[in-house]
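Hi everyone, thanks for coming.

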Amino acid sequence: EIHIKEPIEKEVNPRLLPGELLLCEASTVYKYMQEDGSNRGTYGKLVCTNFKISFLDDDSASDDNEPQFKNKIVGENDITLQCVDQIYGVYDEKKKLLTGQLRKYPEKLIIYCKDLRVFNFCLRYTKEEEVKRIVSGIVHHSQTPKLLKRLFLFSYASAAPNNTDGRNQTVMFETLEDWRDELERTKGNVKYKAVTTNEGYRVSEKLPLYFVVPICISEESILKYEGRGIPIWCWSCHNGAALLKMSAFPKEQDDSTSQMQKAFLDGIYKTISKPPYELLKMDDLSSSLPSLQDIQTAYTKFKQLFLIDNSTDFWATDVKWFSLLESTNWLEIIRRVLKKAIEVAECLEIQHTNVLLIEESATDLCCVISSLVQVMMDSYSRTKSGFQSLIQKEWVIGGHGFLDRCNHLHQSEKEEAPVFLLLLNCVWQLVQQYPPAFEFTETYLTVLSDSLYVPIFSTFFFNSQHQRDTNKSGESLKTQSGPFRFLTVWDWSVQFDPKAQAFLNNPLYAEKPKPDKSQRKTSRFKHQRQLSLPLTQAKPSTKRGFFREETDHLIKNILGKRIGKFINSSDEPPNSLREFYDSWHSKPVDYHGLLLPRIDGPEIKVWAQRYLRWIPEAQLHGGGTIATAAKILDLMEEVQSLQVKMDEEHSQAVSGDVHSVPTLRNSARLSSLFPFALLQRQSVKPALPTSTWKDLEDEDDLVKRDDEFVDLSGDML
């Protein structure tokens with residue numbers, strides 16, 4: 001039996017963006033709610049454009065039921081073509097992956113999205129011709145290889161009026177002045193210089209137009225090997241130690257070339273190891289961190305845990321949740337990356353040593369580690385504009401291959417790896433461990449991860465600054481020739497109105513106080529004392545540390561091997577890193593100083609908001625972080641209204657700078673899925689065991705093993 005809402009004859013048309021074209025459509029398509037397997041749903045029209053796949057029902061035309069956190073570009077029933085992960089057809093209750101040409105057309109269509117949404121469409125009641133058109137259209141436009149200029153990014157840029165908000169405070173790092181300002185901000189301009197050697201991309205198309213190198217590096221050295229083997233500056237610590245990165249030489253070389261390159265590198269190392277430069281520690285990330293292939297494999301397994309078709313599937317996997325989670329290895333990769341960042345922070349802060357990160361292209365794991373270290377050590381990178389400037393500097397201008405790593409053009413799956421998502425997952429660990437230290441919220445990070453797949457912004461759709469610059473010239477639709485004017489993702493007003501943008505700002509952010517000069521000196525002195533380590537070997541804290549005395553045997557086994565391997569890879573004594581870690585965690589947290597993530601087993605958690613937001617079974621009614629946020633926002637609203645009354649009484653003009661505070665409608669009825677979903681149906685665990693539960697009843701070993709994993713990861717969610 002199918003419970004249906006009768007189709008309404010009223011014509012519903014899609015809202016098209018400038019440059020967006022309707023390619024194909026099908027009427028009388030039935031969209032399942034898919035929550036409880038009851039076949040409930042609604043009739044509507046399924047359309048495919050050169051930008052998105054969209055389902056339109058009679059509710060699409062009304063604005064009565066609009067969510068509080070509405071995206072102006074992508075609606076809740078819209079899927080951008082870049083956001084489509086996989087498409088399955090259902091033939092006689094059997095699922096089959098759809099790619100390329102189709103001989104037979106399915107009766108059901110299941111679309112899995114990269115933001116973890118799952119859409120189920122029934123095509124049984126749709127005309128056969130329309131089914132052929134819509135299915136082949138969706139598969140062709142979302143799954144087959146395409147040319148860069150065919151991206152919607154170019155259609156939109158040529159047709160949309162450029163009237164964006166000009167008050168964006170993000171530093172774009174597209175000019176020499178931006179780099180010089182950053183050098184001055186970090187006091188790195190004494191030993192490092194911004195160079196113009198790559199103007200016209202005469203050194204390399206992979207390098208940005210402008211970048212920073214040690215003052216002692218000559219222009220000839222930069223030109224010699226197209227920028228390879230040159231230490232490029234990322235950031236300077238307050239004590240003068242700097243974080244550098246370098247693109248390594250290819251490993252497969254003939255002997256004579258290899259000898260020349262080795263001699264060149266030796267010369268560079270000698271030059272930058274002499275005063276005034278600090279001692280240099282080199283770290284080859286390709287040998288000390290997982291490979292991109294390992295990261296891609298782990299994430300592919302991990303995301304499958306959240307692409308849930310229905311309630312039955314959810315409860316079936318819930319029994320073995322911890323063992324499934326552990327087997328993906330995704331949380332372990334996050335832990336290893338955070339450990340590496342702690343190791344680099346210790347070298348910079350405690351040992352006053354320059355750290356040179358080495359990678360084949362210096363545009364993947366180098367970006368992750370350098371960004372994480374700056375978030376941990378530089379409070380400016382924990383503000384919204386500072387974090388956005390950091391992403392621009394290290395990723396967008398730094399040459400991370402977003403086009404290849406996100407596989408936006410479907411040209412090569414071998415190049416695909418969720419490197420930027422890995423960074424956001426690591427930053428989220430810090431945000432949820434130290435909320436007052438960040439000006440932005442986890443909702444901001446979630447929305448930023450979604451923006452990876454919205455091709456109206458150029459930010460995440462090029463491999464390098466050179467590729468972006470060479471593709472900027474084009475003909476606009478208004479017959480005026482001229483360069484494309486791409487939007488940047490950092491202008492949040494394009495996607496959200498001011499009320500929705502308020503959810504991106506942390507109301508509990510501990511803003512940096514502005515002390516006088518004498519206070520500043522004192523605080524810096526205290527900060528250094530707090531982080532310095534005694535010369536004698538300190539006894540590790542029993543409360544917090546890599547191992548706790550009360551930790552059970554399983555955690556010691558699992559973590560011991562991995563942490564031991566990690567620490568011993570360092571040139572320092574094995575206990576040096578642990579000592580640094582324990583010493584920092586035994587002191588009160590300075591939200592504007594160094595932040596070290598907690599990396600004990602249960603401390604590395606699943607980013608619940610991003611991965612569980614579409615699963616009703618995983619919600620907490622009236623709970624989660626939203627319950628706390630609701631109370632805080634109510635209080636802030638009350639304080640603001642009192643402030644307005646006081647200003648009126650004193651006949652003073654109310655300042656226009658007051659941040660807008662979002663009001664949460666019926667906050668008691670909201671669930672932990674907010675703001676991405678309002679109150680959802682209460683999901684009830686099945687009273688009778690499913691077949692999976694029955695199978696597991698006799699498997700004592702597996703149940704015991706799962707119980708052990710509860711101890712390890714009980715706080716994952």
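Before we start, one definition: a helix axis here is a line fitted to the C-alpha atoms over the stretch in contact, and angles between axes run from 0 to 180 degrees between the N-to-C directions. Please also keep in mind that this is a predicted model.

Find helix 12, residues 384-396, and helix 14, residues 419-433: their axes come within 13 Å and cross at roughly 150°. The crossing of helix 12 past helix 14 is right-handed. Which residues make the contact? Helix 12 brings F387, I391 and W395, while helix 14 brings V419, F420, L423, L424 and V427. Sorted by class, that contact has 8 nonpolar residues, with no polar and no charged ones. Here is a handy rule for reading such lists: an α-helix has 3.6 residues a turn, so residues three or four places apart point the same way.

An open sheet is built from 8 strands in the order 4-3-2-1-8-7-5-6, with antiparallel pairing. Its edges are strand 4 (78-80) and strand 6 (94-97), each of which pairs on one side only. On average, neighbouring strands in this sheet are turned by 30° against each other, ignoring direction. Helix 1, residues 128-143, lies across several strands, including strand 1 (22-32) and strand 2 (41-49), and runs at about 110° to strand 1.

Next comes strand 12, residues 242-247, where 6 of the 6 residues are buried. Here is the rule for strands: in a regular strand the side chains alternate between the two faces of the sheet. On one side of strand 12 you have A242, L244 and M246, on the other L243, K245 and S247, and both sets are buried. Strand 12 also has partners. Strand 11 (232-236) pairs with strand 12 in the antiparallel sense over 4 bridges, with W235 opposite L243. Their hairpin has 5 residues between the strands, and G240 there takes a positive phi near 100°. Strand 14 (354-359) runs parallel to strand 12, joined by 5 bridges, and E359 of strand 14 faces S247.

My last stop is a loop residue, L209, between strand 9 (192-195) and strand 10 (211-214). Is L209 buried or exposed? The cut-off for buried is under 20% relative accessible area. L209 has 15%, so L209 counts as buried. Beyond its neighbours within four places in sequence, L209 touches V195, N198, E199, G200, Y201, Q465 and D469. L209 and T196 are 13 residues apart in sequence, and their C-alpha atoms are 6.9 Å apart in space.

That's my tour, and I'm happy to go back to any part of the picture.

Key
Residues numbered from 1 in each chain as written. Predicted model: local features only at pLDDT ≥ 70, side-chain atom pairs only at ≥ 80, totals over all residues. Heavy atoms only, no water. Pairing = 2+ DSSP bridges. Helix = DSSP H or I, 4+ residues; strand = E, 2+ residues; numbered from the N terminus. Contact = heavy atoms within 4.5 Å. Left-handed = near helix turned anticlockwise from the far one by under 90°. Nonpolar A, V, L, I, M, F, W, Y, C, P; charged D, E, K, R; others polar. Buried < 20%, exposed > 50% of the residue type's maximum accessible area, 1.4 Å probe, protein only.
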